[in-house]
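Please walk through the model below and see how its parts are packed and linked. The text moves from a helix to the cores, then to a sheet, single residues and charged pairs.

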Amino acid sequence: MNHREGSVLMAGLLVTSLVTGIVAADPPEPGTESNGLTANESATLWSRDTDNYSTQQEYRRRSGSPRSAVHQVANGTDITFKQPPKTAATWTRNDFGDLTAGGTDTSIHPPHAELEDGVFIQDAHATIFAIHPSTRGHLEAGETPLYIAPNGTIRGFVDYRVRVPNGSSTTTETVEWSLTDHEIEAVRLLANGDPIATHGGDHTPALDYQIEEDRITNLTLKAEIRVRLKKTTRRQRGNRTEIEITYQTESRNVSDSIAVEVYDLSVYSYYAKYPNGDMGVAIFQSRPWQGYTLTEDTNARVRGVWRFYTARNTDWDTLVRSNRTGAATVQSPALPVYVHAYPSRIGPRVEPVHGGPELIDIWGTSRRPPVETLGENINIDIVTQSYTTSSGVAVRSETLDWGALQVAGIVRGVNASVVAPDAGAERQLRRSNLTVDITQQNQSQATFRIELRDTQTGAPITLDDSRHSPIGGPTRTGYITIADRRVETNTSGVAIVTIDEPGIYTARYHPGSWLGHDPAYVSDTATARWHPLGTIDGWFALVFEVGWQLLPFFVMFYAGKRLLRMLGPEDIFGKNP
């Protein structure tokens, strides 16, 4: 449709005065607009809608049709995802087709568009509609970067109207103006000022891009608009009419920019092999990332702290249709939807929960909760206290398929494969030998000597838990627990503990993570029993204590016996009659 045809269709929709009322912008009911999605998929899109739950009976009475179970849940809360869904991009791509320009005398634009005016070109704009694949990250207050894939598509909307001057007429001269030509000459996409994609003149351009550098980038959508008008001047020279025809051309550049972070995965991986054959794997990525798979069938998975939801960009809830006499605000026929990543209270997880990998360690940056960045009507399980970004996640697994070890990012489709390590590249993970002996004891306390050594070499294991470093470092962390105490071994691998309560005591070695040690060790336990009766002194003390406690009874018994001998039974009980 060209501008001239569009102006005829839009003429009946415009008003001649400024409309200031707010137009409702509710997402469409699932199933009413497919846009490449099923009704259930569409129901999960609208996390920013008002969650006013209604019963099945109320919904059927109001709409005249039933709703699915997914739609019923979405009606009362927001649905979240373990991985970035493709539904946002699918909806946006199809809904974008409903966006149309206004015509030569009408400009259609979202309320946030930056309008440009010239002599003939009025209310001109080029506004970014959406970028996909992408994910808006909610890291903390004031930090919500838009991560985009290195390869993707940016969609925009370009429109303008042409102001054709009014003609004039005198007794000797008549001036008439007419529009002869107008077009969007080109639409370009620039990254930090450098052109990376070009599109022909179109009101709804979709530009495919490829950005190789992994960095913060300012993307600019730029359009060049050109119009050509014809000016006809008729001058009366007696009985003769002179006609002068001139042309006026005007060009105007309009643009819109958005700050993004090109998201790519550059993972660092670490490995260890346990003495029983289990494998230890640790993956680190400085930016937020989703998790990784361990087996071909993807049953064994590891997830970080991030979960996802989808929501529309409310900047496009309404559109403004403007002409030379006024403007009208109407509901937008096209709603861009984005994926959002947030730190979940569920936290890092392994799958399957039972019988799956064992979560060994998590490390990252401590951040404040990003609750205030969500906006209104978002009901999700976001953290409400400081959280760790899970930049690194380490697990222990019985099964590991190196060919299937794949890391998934928080931007859909951005993944990274991890190659198997070279021979001997794994961290050494050895068995430890923990022993406990009682070196001294008496009736009130016992001294335990705890010794920790490398089973393979016999060398002492020295512990220093004064700091924690996830990767590398000369200090060996870890500790030993016994009798609800934490102790560390000295340079000889020995710790001395004094205990004053009898009992059976188990010492357990809690090794530092293999991520920070080479060689590293697995846990070990040892048990010792202490009781005061275990020594001669203890038995002597027991006899002395029991005798001391029974002494009054012996005295009473002896005194009673002597009394009976002195008096005799007849004196005590009397003689028989």
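The buried residues of helix 5 are covered by elements that include helix 2 (39-43), strand 2 (121-137), strand 14 and strand 17. Contact here means heavy atoms within 4.5 Å, and buried means under 20% relative accessible area, with exposed over 50% and partly exposed in between (1.4 Å probe, protein chains only). Helices (H or I, at least four residues) and strands (E, at least two) are DSSP runs, numbered from the N terminus. Seven of the nine residues of helix 5 are buried, so the helix is largely enclosed by the rest of the structure. The buried ones are T87, A88, A89, T90, W91, T92 and D95.

This is a predicted model, in which local features need pLDDT of at least 70 and side-chain atom pairs count only at pLDDT 80 or more, while totals for chains, interfaces and linings use all residues. Residues are numbered from 1 along each chain as its sequence is written, and side-chain values use heavy atoms, with hydrogens and water left out.

A nonpolar core is a set of buried Ala, Val, Leu, Ile, Met, Phe, Trp, Tyr and Cys residues joined through side-chain atoms within 4.5 Å. The largest one has 48 residues, of which Y263, W289, Y292, V407 and I410 touch the most other members. Elements giving two or more residues to this core include helix 5 (87-95), strand 3 (146-162), strand 11 (279-284) and strand 12 (289-293). Apart from it lies another core, of 41 residues, among them F157, I184, A191 and V330. In soluble globular proteins, nonpolar side chains tend to be buried together.

Three strands form an open sheet in the order 1-15-16, with antiparallel pairing. Strand 1 (107-109) and strand 16 (326-331) are at the edges with a single partner strand each, so one side of each has no neighbour in the sheet. Two strands pair if DSSP finds at least two bridges between them; strand 15 (residues 318-323) and strand 16 have six bridges.

Where does P205 lie? P205 is in the loop between strand 6 (194-200) and strand 7 (206-210). P205 counts as buried, at 0% relative accessibility. Leaving aside neighbours within four places in sequence, the contacts of P205 include F96, I154, F157 and H199.

R430, in strand 25 (residues 429-430), is buried with a relative accessible area of 14%. Its side chain makes polar contacts of 2.7 Å with the side chains of Q428 and D454. A polar contact is a pair of N or O atoms within 3.5 Å; within protein, one must be able to donate a hydrogen and the other to accept it, and residues adjacent in sequence count only if both atoms are side-chain atoms.

The structure holds 21 salt bridges, each a side-chain nitrogen of Lys or Arg within 4 Å of a carboxyl oxygen of Asp or Glu. One of them joins R161 and D123 (3.0 Å, N to O). This pair links distant parts of the chain, with R161 in strand 3 and D123 in strand 2, 38 residues apart. R161 is buried at 9% relative accessible area, and D123 is buried at 11%. In another salt bridge, R235 and E173 have their closest N and O atoms 3.0 Å apart. R235 counts as partly exposed at 23% relative accessibility, as does E173 at 29%.
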